[in-house]
Amino acid sequence: MRIPATAFALCAIFLLCCMHASGTVMITEICPDTWLKGEADEFFVIGGGSMDGVLVTDGEGSVRFPAGTRATVPLTCAAQGTAYHDVHGRWPDFEWYDSSPGVPDLVRTGQFALGNAGDTVTVLVRGTEIQSVGWPDDVVCREGQVHVYEDGMWDRRPYFIGQSRFAPATYTGATVTAFASPDCSREVLTETLASADTSLLINVYEFTDADIAAAAANAAAGGATVRVLLEGGPVGGIPEGEDGIAWLLTGAGAEVLTMATTDEAHARYRYDHAKYVVADGETVLVTTENFGASGFPPAGTAGNRGWGVVVTHPGVADYFTTVFVDDAGGPDAAPFPGSPPGDADGGGDGSVSRTPEFGPATFTGATVTPVLAPDTAGLIPAMIEGAQVSVDIEQAYISDWSDGRENPYLAAAVAAAGRGVPVRIILDSYWFNVEGEDDNDEMAAAINARAAAEGLPLEARLARTTDDDIVKVHTKGVIVDGEEVLVSSINWNEHSPSFNREAGVIIRHPGVGAYFTAVFEDDWEDAAGTPFTGTADADDRTLRILAAAGMLACLACYYAWRQRR
């Protein structure tokens, strides 16, 4: 007798429904070492269907679920529901120590606790081990870190309590204005701020320029809703002048917040190092520079080499608005009223005799992908891995990861060179990036030595920096195949992409690529020869002048030689 196909399918479905999906029961998140003293808010997240017969144990105690529990969505299980709620602002699904009447209790046996220094948690289904995660074997335990299992591995990115998990998104048909500092950055920034009619969102690490602040204050006085988020504990402390900037902005009706550890919450990110503006929910300015005179110098004055773009696209603006609202709405974001103005930036770092080389340029039909750290910083090495023709990198600095691990961003560039793709790297030569024993000059030498040893089309140069031109290289930019450009705040060290809030964009457009390639080429040619650096010491300054003269002579010979070729 032949069984009809429909009956066979129904039987198969019935059998699948009756089977215990033990292979899918899994812990997907676990947080043993929280910011809260005593770890009453420690938790794990588990999913996989029926929880009947599921036991979670650390070898000294165990917890199991009430009969009939189903994890149709992942279930959050905390030590104490009240403590978890105080930290996260929401209740867990279960608790294993009774602290809140509204949260169901797990059935606990013994002293179940997630040890900070080391422990192992095992998931058993009807006595069969399904999963085991231990630290420090499987994950490296850090205070405040939530260990996340995804794509078959633990901790693809370090994720700390309260941090966001924004997914990559790509938008087409954007209009992009490219600009460069010190040449034309201030005019683009102030015009963007002044253009706001309804709203202005500003997230920047440091804000010290009074004239830039005045443009934002005028927007607030004109009726626009202006919100500003600053880093509350930057390296070296709140910079001189920022108190007055906050005072000016709040006096005009703007809301000024700082992100830092407060009495209510631990800071979600090591630093809020992002640098972007959202105007009227339509336009996003993303830059590598802080809002000071060095990053955005007045026209004709010296300053940092920095990159920036203004993206006009409602989708991109909505993306960054969502990020801003998430960051500014956290318990670690507190009002910063500031104090009456003292000294603030108002001029450039050099003389007014500098002639700008690059003006802003606008292009239509661009494709834009936002890049956030720590959320989607992995898009950067992936971008380099896709290179077919060329990779140009201009960075403030590049350093190896801790314990001597290779920087994955640099590793992607070296791998591209290994495929035969020419790679050029410019690093800053300002004194604080070359005076140490393991900084940019050593990194450039190591890159070039490796290129020579392995025969790679790879070269690193130190930028030419002077007090009356490019004072220092502060950009964090990449150009792939001449048409894909990264503009971001992400430095190439371990902390920036892993622990900071950073922001950037990858722009795909041949015109934008050509613009930043021209900026790069100018810096690359200037970087030929031996760079000199600046210090505050008079004797060192004399050496710098002599070195500059020697360098100019070398460059003159070099260019004369090029003309004869």
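This briefing walks through the fold, the cores, a cavity and some backbone details of the chain shown above. The model is predicted, so please read every value here as computed from that model. The chain has 565 residues, and 53% of them count as buried. Its secondary structure comes to twelve helices and 30 strands.

**The chain as a whole**

- Take the contacts between residues at least 6 apart in sequence: 74% of these join residues at least 24 apart.

- Strand β2 covers residues 43–47, and five of its five residues are buried, so the strand is largely enclosed by the rest of the structure.
- F43, V45 and G47 point one way from β2, while F44 and I46 point the other way; residues on both sides are buried.
- One partner of β2 is strand β1 (residues 26–31), which pairs with it in the antiparallel sense over five bridges. Within this pairing, E29 has V45 of β2 as its bridge partner.
- Strand β7 (residues 75–78) also runs antiparallel to β2, and four bridges join the two. Here F43 is bridged to A78 of β7.

**Nonpolar cores**

- In soluble globular proteins, nonpolar side chains tend to be buried together.
- The largest nonpolar core of this chain holds 82 residues, and the members touching the most others are L200, I202, F207, Y515 and F516.
- A second, separate core has 37 residues, among them W401, V478, I490 and W492.

**The cavity**

- Rolling a probe the size of a water molecule over the atoms shows where empty space is left.
- The count comes to one cavity of 30 Å³ or more, and the largest cavity contains about 70 Å³ of space.
- Residues lining the largest cavity are R305, R354, E357, A463, R464, D469, I470, V473, D522, D523 and D526.
- Both β27 (470–473) and α11 (510–526) supply at least two residues of that lining. Of the elements involved, α11 gives the most, with three residues.

**Helix α5 and its surroundings**

- Helix α5 spans residues 242–251, and its buried residues are E242, G244, I245, A246 and L249.
- These buried residues pack against α4 (210–221), β17 (225–231) and β18 (255–259).
- Just after α5 comes G253, with a positive phi of about 105 degrees.

**Backbone details to look at in the loops**

- Most residues other than glycine have a negative phi, and most peptide bonds are trans.
- W135 and P136 are joined by a cis peptide bond with omega of about 15 degrees. P136 sits in the loop between β11 (128–135) and β12 (145–150).
- Another cis peptide bond runs from A373 to P374, with omega near 0 degrees. The loop between β23 (361–373) and α7 (379–385) contains P374.
- D155, a residue other than glycine, has a positive phi near 55 degrees. You will find D155 in the loop between β13 (153–154) and β14 (159–160).
- D280 is not a glycine either, yet its phi is positive at about 55 degrees. Its place is the loop between β19 (275–279) and β20 (283–287).

Technical notes
Residues numbered from 1 in each chain as written. Predicted model: local features only at pLDDT ≥ 70, side-chain atom pairs only at ≥ 80, totals over all residues. Heavy atoms only, no water. Buried < 20%, exposed > 50% of the residue type's maximum accessible area, 1.4 Å probe, protein only. Pairing = 2+ DSSP bridges. Contact = heavy atoms within 4.5 Å. Core = buried A, V, L, I, M, F, W, Y, C linked by side-chain atoms within 4.5 Å. 1 Å grid on protein atoms, 1.4 Å probe; cavity = no way out; pocket = protein on both sides within 12 Å on 5 of 7 lines; lining within 4 Å. Points joined across faces, edges and corners; volume = space filled by probe spheres on them.
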